[in-house]
Amino acid sequence: MQSLTNRSQSVSNKKMSFAERIYLPAVFGGMWITLKHFFKKKNTVSYPEETRPMSAIYRGQHVLKRDEQGRERCTACGLCAVSCPAEAITMIASERTKGEENLYREEKYASTYEINMLRCIFCGLCEEACPKEAIFLTDRIVDANFGRDEFIFGKDKLVEPVDQRVDVSKRQIWDYQNK
Ligand code: SF4
Ligand code: SF4
């Protein structure tokens, strides 16, 4: 009979030898493999004390950028949310009022901006879609946590502090051809 896939194998009814029946050679073979790994270079690191070198364009935790004057760049256009395949981004747009020109770059800004880090697949499409260079992924790793609510990152976690800017220059000048 013709098989449905090319993965089928014919079953052998060959009688097991004495060595095969007592399993000891197979057990020792397995133990030998384990023993060999004791003397090999370890691939594990003691994270978080120790970290591996990351690519300059590693896609980790997002940052919402400020401009040179410290104003939030995001204008709540929603393009990042629309482009997000995981529907991880939500926001509420508000109109900038008189006197807030030093806080928000554009006349419209995101009064609420949230990313659900449990949904996010760190694809970077939000970064690519943003016309204002307001959102970037960074080499920071999202911290582990016990509660699901802790993974909804609001502006308090996403907007970069005025005095602790997040350097994304390497992402902006990355030469994919030569690196
Ligand atoms: S990195 Fe991808 S999945 Fe995560 S928020 Fe941005 S677009 Fe959505
Ligand atoms: S981060 Fe960029 S794409 Fe997303 S709402 Fe703000 S300006 Fe628009």
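Modeller: The core, the sheet and a ligand shell follow in turn.
This is a predicted model, where local features need pLDDT of at least 70, side-chain atom pairs count only at pLDDT 80 or more, and totals for chains, interfaces and linings use all residues. Residues are numbered from 1 along each chain as its sequence is written, while chains are lettered from A and ligands numbered from 1 in the order in which they are written.

Colleague: What makes the largest nonpolar core a core?
Modeller: Such a core is a set of buried Ala, Val, Leu, Ile, Met, Phe, Trp, Tyr and Cys residues joined through C-beta atoms within 7 Å. Buried means 20 or more other C-beta atoms within 10 Å of the residue's own, placed from the backbone. The largest such core has 21 residues, and Leu64, Cys74 and Ile135 are among those with the most contacts inside it. The largest share, four residues, comes from E3.

Colleague: Which residues is Leu64 in contact with, leaving aside neighbours within four places in sequence?
Modeller: They include Cys74, Tyr113, Ile135 and Leu158. Contact means C-beta atoms, placed from the backbone, within 7 Å.

Colleague: Why do E2 and E5 count as edges?
Modeller: The open sheet runs E2-E3-E5, with antiparallel pairing. E2 (89-95) and E5 (152-153) each have a single partner strand, so one side of each lacks a neighbour in the sheet. Strands are DSSP runs of at least two residues, numbered from the N terminus.

Colleague: How do you know that E3 and E5 pair?
Modeller: Pairing needs at least two DSSP bridges. E3 and E5 have two bridges.

Colleague: What classes make up the shell around ligand 2?
Modeller: Nine nonpolar, two polar and one charged residues. Cys74 and Lys132 are among the residues around ligand 2, each with its C-beta atom, placed from the backbone, within 6 Å. Cys counts as nonpolar and Lys as charged.

Definitions and conventions: A residue is buried if 20 or more other C-beta atoms lie within 10 Å of its own, exposed if 12 or fewer, and partly exposed in between; C-beta atoms are placed from the backbone. Two residues are in contact if their C-beta atoms, placed from the backbone, lie within 7 Å.
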